[in-house]
Amino acid sequence: MDLLQTYADNSDGEDQNHQPSTSSLDSSPPRLIPSKSAAPKVDDTMLALTVAKAHQAHSKPIDPTQHVVAFNPTYDQLWAPIYGPAHPYAKDGIAQGMRNHKLGFVEDASIGSFVFDEQYNTFHKYGYAADPSGNNYTGDLDALQKNDSFSVYNIPQHEQKKRKIDKQKELGMEEDEVVGGESEVDPTEIDNPASDVWLMKNKKSPWAGKKEGVQTELTEEQKKYAEEYAKKKEEKGHPGEKGEHVMDKTTFHGKEERDYQGRSWIAPPKDAKVTNDHCYIPKRLVHTWSGHTKGVSAIRFFPKYGHLILSAGMDTKVKIWDVFNSGKCMRTYMGHSKAVRDISFCNDGTKFLTAGYDKNIKYWDTETGQVISTFSTGKVPYVVKLNPDEDKQNILLAGMSDKKIVQWDINTGQITQEYDQHLGAVNTITFVDNNRRFVTSSDDKSLRVWEFGIPVVIKYISEPHMHSMPAISLHPNTNWLAAQSLDNQILIYSTRERFQLNKKKRFAGHIVAGYACQVNFSPDGRFVMSGDGEGKCWFWDWKSCKVFRTLKCHEGVCIGCEWHPLEQSKVATCGWDGLIKYWD
């Protein structure tokens, strides 16, 4: 094309020389020559799309899950926030798919426990640690440089020596004394068992046995230790040390503690005597005692007379109520910090025992409300009983949650015996055979018979079909035991030598599974009664074993029932609704 152009220019010059000057280029008409290309026709649609995609790639964000980026992204693209809606429940907006920890995304790093502990402790002491994902360090880099990047577990030799010297200075030991005047010896070698200096200093090996003769006299230190040990042992047997301590309080609610004749408020009425020998089943509710803010776990009539009734509450309080006259609460005893589990009067009713879930057993004066003594082994007492013999009223037995029956002497406060054979918490203690023996039941689903004072089982009753028996009562003729079995029946055992199960007598119909509902007899022994888990009180005929009557007594569980010792047709019941009801 260039050659053509130059040729055209030359020819034009020659023409100008030959032609007359009158002819000019302006007079010639313009000619438009169409442009021609020798290159083949190419479809450039794909090229346009590729260019557009490249522009789009520079503007769109990078997918954080992709591993390869096919172009060089800008800083803004790399650090742009993740596009799309944030996770509705994630504070930091990390999508659930990316989250592998509750705080976000955690890189996988395989690290041994020893290495982790080393770096962890190093970081907490020096402020730096090795990064498990690479060869670099994180944290205080100045401290890293200063300490020459050592960890707590590989302290350099010079640092160890320095520490040993500092330790010796603290103990106030002079170098020449330690080494024995040899100033040229390195003080660090004294503590190094591999050095000769250490061997000279410790001629006797620390592993050598004691070759001295038998020591006859105790050193001062040993005497001191022996005294401390004796004190600890004394405290162990000391009552009330293990249980939770609460201030003992009492409140009298009656008009006066003594009447015009000087008689105490707990004195029984002189005209109280058995009305008739024949017992009748109660039919109607005659009185309700309400005062406990939580459930009532046990009730006991005043022995022989029944003019007062004692109740143990889950509100930590024990209350005593009048039965014959006003029907009001006479006194409240407050000495436990948790629910009261069991109560038991002494033979004359002037004192009583309480067992609480605060691990304390307390011995109270009924009249004044004073705590005479407190006992504790550090375990929960489930049942407390005094020996019924008149000459053994100072002997207390308690069935504990640690499978033991512990015997205390109330006068001295010392544990005099431990009966330790049961495999579960002890639930009941019942004296039989003129109080020479007692029967205990436990969560291990067995009955064990013991001679009083001898911690050896004389009879062990356990059958595969037996269930736990959390309540046992003695028949008035003392020949039979009624045991509340948790398979919804009352079983009868003989108290004679063999303690056999009476298979002909079985009382059923009530639902007690899971509850330690008290079982009891009428004073003449003609009726058996028991509470149940649905708030009813059941009465059975002793001879025929048939259900005689059921009374709907409480909302919830009817846990306790007692027959009045004198008024032969009256029964008291208590339940987890916090009420005590009196039926006639």
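Some ground rules. The model is predicted, so local features need pLDDT of at least 70 and side-chain atom pairs count only at pLDDT 80 or more, while totals for chains, interfaces and linings use all residues. Residues are numbered from 1 along each chain as its sequence is written, and side-chain values use heavy atoms, with hydrogens and water left out.

Confidence comes next. pLDDT is the predictor's own confidence in each residue, on a scale from 0 to 100. The chain averages 81, and 80% of its residues reach 70 or more. A contact here means heavy atoms within 4.5 Å.

Now the whole chain. There are nine helices and 31 strands. These are DSSP runs, numbered from the N terminus: helices are H or I with at least four residues, strands are E with at least two. Of the 584 residues, 38% are buried. Buried means under 20% relative accessible area, exposed means over 50%, and partly exposed is in between, with a 1.4 Å probe and protein chains only. Take the contacts with a separation of 6 or more: 45% of them join residues 24 or more positions apart. The accessible surface is about 36,600 Å², and carbon and sulfur atoms hold 52% of that. Areas come from the Shrake-Rupley method with a 1.4 Å probe; for residues, only the protein chains shown count as cover.

On to the surface. Which residues form a nonpolar patch? Ile 111, Phe 114, Val 115, Phe 116, Tyr 120 and Tyr 153 do, with about 590 Å² of accessible area together. Patch members have over 30% relative accessible area and no salt bridge; nonpolar side chains (Val, Leu, Ile, Met, Phe, Trp, Tyr) are joined within 5 Å, like charges within 9 Å. Tyr 120 sits in helix H4, residues 113–126. Its relative accessible area is 44%, so Tyr 120 is partly exposed.

Next, charges. How many salt bridges does a search of the whole structure find? The count is 13. The criterion is a side-chain nitrogen of Lys or Arg within 4 Å of a carboxyl oxygen of Asp or Glu. One of them pairs Lys 392 with Asp 389 at 3.5 Å, N to O. Lys 392 is partly exposed at 28%.

There is also a network. Salt bridges link Asp 433, Arg 436, Arg 437 and Glu 451. Asp 433 meets Arg 436 at 3.2 Å. Arg 436 is partly exposed, at 48%. Arg 437 meets Glu 451 at 3.3 Å. Arg 437 is in strand E18 (residues 437–442) and Glu 451 in strand E19 (residues 447–451), so this pair ties together parts 14 residues apart in sequence. Is Arg 437 buried or exposed? Arg 437 is buried, at 11%. Glu 451 is partly exposed, at 24%.

Ser 468 first. It lies in the loop between strands E20 (457–461) and E21 (471–474). At 10% relative accessibility, Ser 468 is buried. Asp 443 is 25 residues away along the chain, yet the two C-alpha atoms are separated by 5.5 Å. Beyond four places in sequence, Ser 468 touches residues including Asn 427, Lys 445 and Gln 484. A polar atom of its side chain lies 3.4 Å from the backbone oxygen of Ser 442.

Then Gln 393. This residue is in the loop between strands E13 (381–386) and E14 (395–400). Gln 393 is buried, at 16%. A polar atom of its side chain is 2.7 Å from the backbone oxygen of Asn 387. Its contacts beyond four places include Cys 346, Tyr 363 and Ile 410.

Last, His 287. It lies in strand E4, residues 285–290. His 287 is partly exposed, at 27%. What does its side chain reach? The side chain of Trp 289, in a polar contact at 3.4 Å. Polar contacts pair N or O atoms within 3.5 Å; within protein, one must be able to donate a hydrogen and the other to accept it, and residues adjacent in sequence count only if both atoms are side-chain atoms. The backbone oxygen of Gly 327 is 3.0 Å from a polar atom of the His 287 side chain. Beyond four places in sequence, His 287 also contacts Ile 580, Lys 581 and Tyr 582.
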